[in-house]
Every structure is written in C-alpha cells, then in structure tokens.
Amino acid sequence: MEIKTDAIVLQTLDYKDNDKLLTLFSPALGKITAGIRGVKKPKAKLAFSAQPFCFAEYILAEKGGRYTVTGAYQHESFYALRGDIVRFYAACAMAEVCLTVLMENEVYDGLFVGLIEGLKALSLGEEDVAESLISFLLIALRESGYPIELSFLEECDGEIGDRLYFDFSDGRFTTFERCTQGERASVSTYYTLRKCAGLTYREECLEGGKKRALRLLKAFLSEKTEERFENLGEVIRLLD
C-alpha cells in the first residue's frame, strides 16, 4: 500500500552500507520509523529527504506495519540552522522533545504545527532563540498532557510578590504553603513563561528569566519523562 503524507525528520540512523532509518513526525500518522534505501550513495536522488529537520511530502510503501520511503517532495530544509550553533542545538532540542513525548502512531496536530513554527522562527534568525524554544516547549508540554499552569497572576489579583514556588506535581506556580512537591522560582521565570505563552507580563520583570525558564522546563520535562534532554541542556550552556 502506498501512502502520501507530510512529515518532518526527527532522527536519522545509519542502516547497512547505504541505507538509513528515519524517525518521521507526520500530522496524519504520528511518529513512525521508515527505511530509505541507497540514500548514502553518491548523488542519491533522495539524499535531501534523509537530512535532519527535512520537511517534505513523503511517499511511503507500507507492508506489515513497516514503512519504506520511495519518494519525497521537499517543502523546507531549514538549512539555515546549520550556520548557527545555538539555533542548531535549539532545533535539535525541539526534535529531542518530540522523540520523547510522542507515542508511536498517535496523532499530535498541535505539536506538529508548533514544531514547524518553531523551526521556522529559528531558521529565519529574526526571533529570539530562547523565547522561540520556550514557546515550543510550552506547546509540547500541553500537547503531551503536562501543561504548565500560568494563571497564578490572575488568581492573586495581579500581586504575586517575590516568593513564588513551582509545584512539579501539577506544573503550577503557587505559594510555599500550597506547594506539595517543588522548589523556589523567580518572578522573572514566571513572567518570561507568560510572555512566551502569549499572556500579559511585566517587561521590567523579565531580566534573567530566559535561562531560568529553560532550566525549569527542562527539569519539569525530566521529572515527567525520566529523560535527560541533553540537547536542551547544551542550548542552556551555549546561552551563557
């Protein structure tokens, strides 16, 4: 059976002498593994389709639940990411998160759109790297069932003070008295997350919040998935 679907390459693995195994993220099929033959040969016509972050319409042959790439028509390569190490690692972090939170053959429309928009923002080079990554991570957490709750500002009538805590048990900012499993969190972290989520925020409270927000999101993701997210950690290091 032949299937046509848009998809983006999350991961590539060498297989045999000239073949590769691709982990694809498709809005119609979810996360799938597909083999692609002869793609490592010189002048292979489908070499472009086996590159990380390639966004294309893939033609797949399916047999017994296994997929093989037989053709592809590229939409976007996001090649510009390879010219900036920070943006490249941020893109790798996005793919790394998708690889972890996606379940095989389950559809995640919102996360697919978030990934494409995130890679576009990084590739164009006009958007802030940290903010683009934070925005994507908030989408990924929401779509995978672990949303960050940012309504504390409204709950306390706009007066949050300077002693916030982040409760890892339910992904919520709160006070110490209400926190059951968490740690102290800065006001700049909270407002940075609200900004990246498209909510109201205080500009004067953002200083230093980007790296703190990324550290918190990485810790929360690790708490929920038991993964280390090394590419995300490398982005945080490179932002020093």
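How far is the sulfur of Cys 196 from the closest cysteine sulfur, and in which residue does that closest sulfur lie? The sulfur of Cys 196 is 15 Å from the closest one, in Cys 205, which is too far for a bond.

## Basis of the model

This is a predicted model, in which local features need pLDDT of at least 70 and side-chain atom pairs count only at pLDDT 80 or more, while totals for chains, interfaces and linings use all residues. Residues are numbered from 1 along each chain as its sequence is written, and side-chain values use heavy atoms, with hydrogens and water left out.

## Cysteines

A disulfide is a covalent bond between the sulfur atoms of two cysteines. With a disulfide taken as a pair of cysteine sulfur atoms within 2.5 Å, a search of the whole structure finds 0 of them. Cys 98 is accordingly in no disulfide, and the nearest cysteine sulfur, that of Cys 92, is 12 Å away.

Burial is judged by relative accessible area, found with a 1.4 Å probe on protein chains only: under 20% is buried, over 50% is exposed, and values in between are partly exposed. Cys 98 counts as buried because its relative accessibility is 0%, and Cys 196 counts as buried because its value is 12%.

## Nonpolar cores

A nonpolar core is a set of buried Ala, Val, Leu, Ile, Met, Phe, Trp, Tyr and Cys residues joined through side-chain atoms within 4.5 Å. The largest such core has 62 residues, and those with the most contacts inside it are Ile 8, Phe 25 and Phe 173. Helix α1 (residues 85-101) supplies the largest share of this core, 10 residues; helices (H or I, at least four residues) and strands (E, at least two) are DSSP runs, numbered from the N terminus. A second, separate core of 18 residues includes Leu 24, Ile 32, Ala 50 and Val 69.

Contact means heavy atoms within 4.5 Å. Leaving aside neighbours within four places in sequence, Ile 8 is in contact with residues including Phe 25, Phe 53, Phe 78 and Leu 119.

## Largest pocket

On a 1 Å grid over the protein atoms alone, a pocket is an open set of points, where a 1.4 Å probe fits, with protein on both sides within 12 Å along at least five of seven lines, and its lining residues have an atom within 4 Å of a point. About 360 Å³ of space lies in the largest pocket, a volume being the space filled by probe spheres set on grid points that are joined across faces, edges and corners.

The largest pocket is lined by 17 residues, of which Tyr 15, Leu 21, Gly 35, Tyr 67 and Thr 68 lie nearest its centre. Two or more lining residues come from each of β2 (19-26), β3 (30-36), β4 (55-63) and β5 (66-76), with β3 giving the most, 4 residues.

## Positive phi and a buried strand residue

Most residues other than glycine have a negative phi, and most peptide bonds are trans. Phe 53, in the loop between β3 and β4, has a positive phi of about 75° although it is not a glycine, and Phe 53 counts as buried at 3% relative accessibility. Glu 226, in the loop between α6 and α7, also has a positive phi, near 65°, but Glu 226 counts as exposed at 73% relative accessibility.

Thr 174 lies in strand β7 (residues 172-174) and is buried, with a relative accessible area of 5%. Leaving aside neighbours within four places in sequence, Thr 174 is in contact with Phe 152, Arg 163, Leu 164, Tyr 165, Asp 167 and Cys 179.
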